[in-house]
Amino acid sequence: MAAELPSQAPQTCGFPLYPELPQSESDLKPLPRRIKGPQLKPFDFQGPQQIEFLEHLGDGLHSHVIKVKISEQIYALKLFMFSEEVDYFGPPLSCDYDEKDRKEVTAFYEFLDPFNCECRAFGRLHESGHPELAVECYGYVLLDEDHERALRDRFPGRKLEDIFQDEPGSRRRNFLTRDGRQPPIRAIVKEFGTGVDKLRNRQLSKTLQDVVQLQQLGIIQVDVAQRQIINGKLCDFSTAMTTPHFAMSPELNRHLKPWALALMEFNLFLSSCKDYSAFDEVVEEWNEHRLQKDHVSVKALPQLYGPSPWTYNLRRTPSRERVFTHVDPRLYDWRAHARGRDENSAGGQANGQSSKGSGSGRSVAKVSKTRRRLKKPPRWYYEGSKENMAYLRNLTNCRCYFSWAFKRGFFIPTRCVP
Ligand SMILES: Nc1ncnc2c1ncn2[C@@H]1O[C@H](COP(=O)(O)OP(=O)(O)OP(=O)(O)O)[C@@H](O)[C@H]1O
């Protein structure tokens, strides 16, 4: 039962969407909680929450990133907006659904919320023992009221207005927590770093390999861009999709008909390829504005654009008729990790980590002891219709988002929205 709502926010949906402030440390559970899949642990302050806000580092569609000091250590704290900017066409998150459907739509939104996307992607890196594939992530934080005040004092004016969402009718005020309060600002603590000024083949080969390996771990849409390379690693997963996911894992919906499965596969293939086409765009953009001697030559998906100076001879390739990408992200066995997590959670552990590493937001390095080498994955050849193949070959011009319908608790892909 929702508690009485504050008078300044009379119009609310009356159901909680965001995590609420914990009453005690034991309330801080790995997030997100309402959907299957990997979760991120809370940052361990080893005492009360204590953050010094230093400097605004940057912002994007979903967040503001602040340089902070915690226990004499410098970090980057990514503060998330209560965003409606989710990257899909699907049923609106409205109050009109009945109780059961509302639960399902909420779960749907949980897959798409940028904070949850990051928690799930970093959670996967931790549980699989591969934190090295991105900037280090030390856990999430729910800002308490004192820290929200301190943040306002440090950055007065309108700079962080889309984080605070003070205006009536804002999303933050529409989705109050069960105790009738505004949900706390959600943040993720990451390694602080610097971007890359110069692109070199060595860095690019590493980034490309990281993208391939992220996809091997069931993580796609990893926002490949020069500005996202911090300390030589990718840093932004706010639009990432991580298995199990309604748009990636047909096993979540046993009612999908063959046409829906085919559509979903096409959608996933396309989204997976787009990480590589984004990579190639980074390279093209760099070369466009440089002297020949500074050009870089790493290419992610040469076969989609026809023969090019960097690629093999397309005609001599036996599979020249077929379109491929480097990895099928569905091959990652997320169930194996879920089983491990369940077994460990009996002892109060999260993320499938050993008891040694648990409880400390700063214990990520210990997890990497379990690191396994990722073997070179088999290519994923697309086996769908000729029209779809032609479409995929023209990937750079392809602007297509999938629309999803919601029926009796299940999500069904419907069509491509150009
Ligand atoms: N770990 C970090 N260390 C230093 N600066 C960072 C770090 N992470 C992010 N930044 C800065 O903050 C900016 C925004 O961060 P990020 O891209 O993660 O946010 P976003 O809201 O998801 O952005 P986008 O709209 O690109 O998806 C980055 O472009 C970068 O300049």
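**Ground rules.** I call a residue buried if 20 or more other C-beta atoms lie within 10 Å of its own, exposed if 12 or fewer do, and partly exposed in between, with C-beta atoms placed from the backbone. This is a predicted model, so I noted that local features need pLDDT of at least 70, that side-chain atom pairs count only at pLDDT 80 or more, and that totals for chains, interfaces and linings use all residues. Residues are numbered from 1 along each chain as its sequence is written.

**Whole chain.** I found that 39% of the 418 residues of the protein chain count as buried. The chain has 10 helices and 13 strands; these are DSSP runs numbered from the N terminus, helices being H or I of at least four residues and strands E of at least two. I also looked at contacts, meaning pairs whose C-beta atoms, placed from the backbone, lie within 7 Å. Among those between residues at least 6 apart in sequence, 70% join residues at least 24 apart.

**Around the ligand.** How many residues surround the ligand? I read off 22, and the closest are Gly-58, Gly-60, Leu-61, Ala-76 and Asp-236. A residue belongs here if its C-beta atom, placed from the backbone, lies within 6 Å of the molecule. Strands S1 (52-59), S2 (63-70), S3 (73-80) and S5 (186-191) each give two or more residues to this shell. S1 gives the most, with 3 residues.

I located Lys-78 in strand S3. Is Lys-78 buried or exposed? Lys-78 is buried, because 28 other C-beta atoms lie within 10 Å. Leaving aside neighbours within four places in sequence, Lys-78 contacts Ser-63, Val-65, Ala-187, Ile-188 and Lys-190.

**Strand S5.** I followed S5 next, and 5 of its 6 residues are buried, so S5 is largely enclosed by the rest of the structure. S5 pairs with S3 in the antiparallel sense over 5 bridges, where pairing needs at least two DSSP bridges between the strands. Across this pairing, Leu-77 stands opposite Val-189 in S5. Strand S4 (residues 137-142) also pairs with S5 in the antiparallel sense over 5 bridges, and Tyr-140 has Ile-188 in S5 as its bridge partner.

**Helix H1.** My last stop was H1, whose buried residues are Val-105, Phe-108, Tyr-109, Glu-110, Phe-111 and Leu-112.

How values were computed:
Two residues are in contact if their C-beta atoms, placed from the backbone, lie within 7 Å.
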